[in-house]
Amino acid sequence: MPRDLSDVLHYFLPELDGAPVAASDATRAFVRRPDLVPASPPRRRMPPPPRDASLLPLSILGVPLGERDVVHAAYTWNLAVETARLGGSSAILTPDHARAAPLWPGSKSGPGDVEIVHSPARNLAELRRSAAELADERGKTASRGGVVFAHIPPAWLDASETNPALAPDGIRWLLLFTSARSREIESTFEGIRRWVRARPGLEVGVAIHGVRRIDDARQAFDELARRCDQQIGLALASYGLLVDDLDVYRAIAAGRSVMGTSPNCPAARALNDVARLIYEDARSRVLG
């Protein structure tokens with residue numbers, strides 16, 4: 001699973017290196033071969049066990065989202081739609097108390113028809129149990145695997161850090177979105193450090209967005225990956241580069257997927273690439 005953002009460029013057209021991201025027709029993302037050389041050798045986890053369908057037929061991917069995190073929620077929903085388009089089973093699980101937050105569109109808003117399931121969970125451990133039940137239920141008819149995208153209020157992750165009883169039963173695979181801005185990179189790292197401290201073995205992947213140039217994304221991820229590697233011994237995974245363009249915001253306003261409104265735009269292709277990487281990891285082994 002660990003990938004490195006510095007590996008992304010051979011997936012881009014060579015002439016796009018250093019070009020504005022908005023001009024890219026190839027927002028491919030990250031392969032598995034890391035060639036980032038840290039200052040000190042990273043502490044690697046043991047290889048993951050092979051996927052066992054008797055455990056969790058679908059993988060569970062936790063996505064920390066605040067009540068006003070509309071853009072990141074839109075990315076999450078679009079990734080669920082793209083997972084379904086790739087042939088996987090996908091659903092979004094969200095706490096019932098977040099029902100009033102304007103995060104999610106209707107359940108039939110475009111290709112994929114991804115269902116949004118509300119859970120009565122009141123903390124991370126209860127959300128994990130709801131997600132496992134949903135993964136088991138969907139897995140009975142999912143011949144090609146898939147992903148349950150579990151919306152986690154960030155406060156629940158911090159609460160489980162201070163209450164060790166919640167940590168062992170928490171979600172073990174997280175997807176984070178971050179821009180290349182220094183302040184946001186710092187905030188993302190501090191969150192990762194807190195959460196990894198409470199959950200040894202936590203797996204974390206990052207998708208970069210909000211950049212104007214490919215080099216900005218590469219430098220931001222390299223900085224974040226180095227800090228995770230050197231300071232907390234985490235091999236950060238990269239899930240690619242998401243293009244922020246007008247089509248994303250049009251889709252949010254319309255309550256539809258980006259693929260449903262602008263199937264040939266760079267943002268749609270980038271979402272498909274990121275979803276493919278997530279789906280590959282979900283199918284290869286039990287995660288969540």
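1. Helices (H or I, at least four residues) and strands (E, at least two) are DSSP runs, numbered from the N terminus. On that basis Arg-138 lies in helix α2. The model is a predicted one, in which local features need pLDDT of at least 70 and side-chain atom pairs count only at pLDDT 80 or more, while totals for chains, interfaces and linings use all residues. Residues are numbered from 1 along each chain as its sequence is written, and side-chain values use heavy atoms, with hydrogens and water left out.

2. Overall composition. The chain's secondary structure comprises eight helices and seven strands. Of its 288 residues, 57% count as buried, where buried means under 20% relative accessible area, exposed over 50% and partly exposed in between (1.4 Å probe, protein chains only). Contact is taken as heavy atoms within 4.5 Å. Among contacts between residues at least 6 apart in sequence, 81% join residues at least 24 apart.

3. Helix α2. This helix covers residues 124-139, and its 16 residues reach 22 Å from the first C-alpha to the last, close to the 22 Å expected at 1.5 Å a residue; the expected span is 1.5 Å times one less than the number of residues. Twelve of the 16 residues are buried, so α2 is largely enclosed by the rest of the structure. Among the buried residues are Leu-124, Glu-126, Leu-134 and Arg-138. At the start of α2, a side-chain oxygen of Asn-123 comes to within 3.1 Å of the backbone nitrogen of Ala-125.

4. Arg-138. The relative accessible area of Arg-138 is 17%, and this residue is therefore buried. Leaving aside neighbours within four places in sequence, Arg-138 is in contact with Leu-58, Ser-89, Ser-90, Ala-91, Glu-115 and Val-117.

5. Helix α5. Gly-233 follows α5 and has a positive phi, near 70°.

6. Thr-178 in strand β5. Thr-178 lies in β5 and, at 0% relative accessibility, counts as buried. Apart from neighbours within four places in sequence, its contacts are Glu-184, Ile-185, Thr-188, Val-206, Ala-207, Ile-208, His-209 and Leu-224.

7. Tyr-239 in strand β7. Tyr-239 has its place in β7 and is buried, at 0% relative accessibility.

8. Helices α1 and α6. Helix α1 (residues 70-85) packs against helix α6 (residues 246-254) at an angle of about 90°, with the axes 11 Å apart. Axes are lines fitted to C-alpha atoms, for helices over the stretch in contact, and angles run from 0 to 180 degrees between N-to-C directions. Val-70, Val-71, Ala-74 and Tyr-75 in α1 meet Val-248, Tyr-249 and Ile-252 in α6.

9. Cysteines. The structure holds zero disulfides, a disulfide being a pair of cysteine sulfur atoms within 2.5 Å. Cys-228 is buried at 0% relative accessible area, and Cys-265 counts as buried at 7%.

Technical notes:
Polar contact = N/O pair within 3.5 Å; in protein donor to acceptor, adjacent residues only side chain to side chain.
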